[in-house]
Amino acid sequence: MIDRATTEQVHAVALRMRDRDFKEFRATSFHDTREALADDLAERFGGRDDVLCVAKAGEPVCIGGALEMWPGVLTLMLFATPEFPSVGLEVTRFLKTELFPRHEAAGAHRIQAVSLEGYSEVHDWLASLGLEREGVMRRFGKRGEDFVQFGRVVGAGALDTGKRL
C-alpha cells in the first residue's frame, strides 16, 4: 500500500533503514546516530504531501519523495528497511507509471537524484527509472564522500515557470 507518510512511519523506517541508506543519509546530515537521524527525518518529512510510505502487511517498509526544490525540478529521496525487495517491484511500477507521468504532465521538466558513489545496484535501479548518470560530485558528503548525480530531463522547449507542481 502506498500512501502519504506520517511522522511515525518516517521515524520507524529511518530507525530500521538499510545500512547503505544510513551511510548515504548520514553523509548529508548533521547527525551521526540512527536515533538522531530518524528524529530529524521524521520532523522534516513526516506528514508532507510529497513524501510517501510503502507498507506491507501494515508495516512501513519504504519512505520516498519527489521534492520540488525549485520550479519544475523534482529531487527524489528514498530510504527503506531490509524488507524493500518485497515492495521493490510495486515502487518501481508506481514511479514509472504514476508518479513520474503525473508530475511531467503538470510541468516537471527535470527529475533528479543523488546517490553515494559505489552503490551500483541503486544506480542501476535509477537507470531503469529513466535517470541518466550525469557525473560525480566530489567530496559532497560531510566526510568527503563522493556522490553520483542522476537526472531525467523531459522535453525541450518553452517551459511555464509560473506554476507550482
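Where does Ser29 lie? Ser29 sits in the loop between helix 2 (19–27) and helix 3 (34–45). Helices here are DSSP runs of H or I with at least four residues, strands are runs of E with at least two, and both are numbered from the N terminus.

A word on the source comes before the tour. This is a predicted model, in which local features need pLDDT of at least 70 and side-chain atom pairs count only at pLDDT 80 or more, while totals for chains, interfaces and linings use all residues. Residues are numbered from 1 along each chain as its sequence is written, and side-chain values use heavy atoms, with hydrogens and water left out.

Stay with Ser29. Its relative accessibility is 10%, so Ser29 counts as buried. Buried means under 20% relative accessible area, exposed means over 50%, and partly exposed lies in between (1.4 Å probe, protein chains only). Leaving aside residues up to four places away in sequence, Ser29 touches Leu37, Asp40 and Lys142. Touching is contact, meaning heavy atoms within 4.5 Å.

Seven strands form an open sheet in the order 1-2-3-4-5-7-6, with mixed pairing. Two strands pair if DSSP finds at least two bridges between them. Strand 1 (2–4) and strand 6 (132–137) stand at the edges with a single partner strand each, so one side of each has no neighbour in the sheet. Strands of a sheet pair through backbone hydrogen bonds, either parallel or antiparallel.

Strand 5 shows both kinds of pairing. With strand 7 (residues 147–153), strand 5 (residues 110–116) pairs in the antiparallel sense over seven bridges. Ser115 stands opposite Val148 in strand 7, and Gln112 has Gly151 of strand 7 as its bridge partner. With strand 4 (residues 73–80), strand 5 runs parallel, joined by three bridges. Here Leu74 stands opposite Ile111.

How many residues of strand 5 are buried? Six of its seven residues are, which leaves the strand mostly covered.

Strand 4, helix 4 (residues 88–105) and strand 5 make a right-handed β-α-β unit. Right-handed means that, with the strands pointing away from the viewer, the path from the first strand over the helix to the second runs clockwise.

Finish at another serine. Ser120 is found in helix 5 (residues 120–128). Ser120 is partly exposed, with a relative accessible area of 48%. Its C-alpha atom is separated by 25 Å from that of Ala38, 82 residues apart along the chain.
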